[in-house]
Every structure is written in C-alpha cells, then in structure tokens.
Amino acid sequence: QVRLVESGGGLVQPGGSLRLSCAASGSIASIGAMRWYRQAPGKQRELLATIISGGGANYADSVKGRFTISRDDAKDTVFLQMNSLKPEDTAVYYCNADIFTTQWMGAWGQGTQVTVSS
C-alpha cells in the first residue's frame with residue numbers, strides 16, 4: 001500500500017507565496033518521476049511541473065518562472081514552491097508519482113486547496 005499526502009495549501013493574497021509538500025509512504029522501493037497537477041472548478045486537470053529522479057524538471061508555460069518543483073529523496077517528498085500567485089492559480093493541487101513497490105505504479109495524493117484572493 002502506497003500513500004501520497006499533500007500539505008501546505010490555504011488562502012493567500014495575490015502576489016503571495018505558498019509551499020506545497022507531498023510525502024510518499026508505504027512499501028516503496030524506488031520513486032521515479034514526481035509531478036504536480038491542479039484542477040480548477042469546471043476545468044480539466046492540468047500538469048504543472050515534473051521532476052525526475054536525477055533532478056531535472058520542466059514546467060507548464062502557465063507557471064514557468066513563478067513555480068519551482070523540488071524533491072527530497074531521503075524523505076520521499078516532493079515540493080512545489082509557488083511565488084507571485086494570481087487569482088487564476090486557485091485550484092485543488094495534486095501530486096502524482098511513479099512508484100516501484102513490486103512493480104511500477106502511479107500514485108495520487110488526495111489534493112490540497114489553494115485559494116488566491118484578496
């Protein structure tokens with residue numbers, strides 16, 4: 001059994017910052033790519049950022065230059081530092097990871113709400 005648990009969401013004013021965390025737990029042998037997605041009401045889930053086990057990362061154009069993904073492999077945790085937040089960043093944020101237990105599987109967190117409003 002593998003779990004991903006996000007934390008760090010909340011209410012922030014436009015221009016503010018938040019740092020999301022997502023910790024994996026369970027019978028984990030290895031973690032490959034880790035990702036952050038978001039889903040706003042009435043919209044499709046959007047891939048924001050991916051980081052591979054070597055540390056290379058890429059970003060959606062909508063967050064490039066404002067968001068930074070990072071990982072701590074010793075703690076099986078991925079982070080999303082979000083700066084210069086805008087009202088349109090309001091969404092539920094989800095982490096996703098490729099995890100090897102006895103085989104590779106994709107795991108999702110339960111989501112954390114981020115609201116950007118004055």
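**A buried aspartate and a disulfide**

Let's start with Asp89, which touches Arg38, Arg66, Phe67, Ser84, Val114 and Val116, leaving aside residues up to four places away in sequence; contact here means heavy atoms within 4.5 Å. Keep in mind that this is a predicted model, where local features need pLDDT of at least 70, side-chain atom pairs count only at pLDDT 80 or more, and totals for chains, interfaces and linings use all residues. Residues are numbered from 1 along each chain as its sequence is written, and side-chain values use heavy atoms, with hydrogens and water left out.

So where does Asp89 sit? You'll find Asp89 in the loop between β8 (77–82) and β9 (91–100); strands are DSSP runs of E, at least two residues, numbered from the N terminus. Asp89 counts as buried because its relative accessibility is 0%, the cut-off being under 20% relative accessible area with a 1.4 Å probe, protein chains only.

The side chain of Asp89 makes a polar contact of 2.7 Å with the side chain of Arg66. It also reaches the backbone nitrogen of Lys86 at 2.8 Å. A polar contact is a pair of N or O atoms within 3.5 Å; within protein, one must be able to donate a hydrogen and the other to accept it, and residues adjacent in sequence count only if both atoms are side-chain atoms.

The whole structure has one disulfide, meaning a pair of cysteine sulfur atoms within 2.5 Å. Cys22 and Cys95 form it, with their sulfur atoms 1.9 Å apart. This pair ties together distant parts of the chain, 73 residues apart: Cys22 lies in strand β3 (residues 18–26) and Cys95 in strand β9. The link of Cys22 and Cys95 is right-handed, with 50° about the S-S bond. Cys22 counts as buried because its relative accessibility is 1%, and Cys95 counts as buried at 1% too.

Key: Helix = DSSP H or I, 4+ residues; strand = E, 2+ residues; numbered from the N terminus. Buried < 20%, exposed > 50% of the residue type's maximum accessible area, 1.4 Å probe, protein only.
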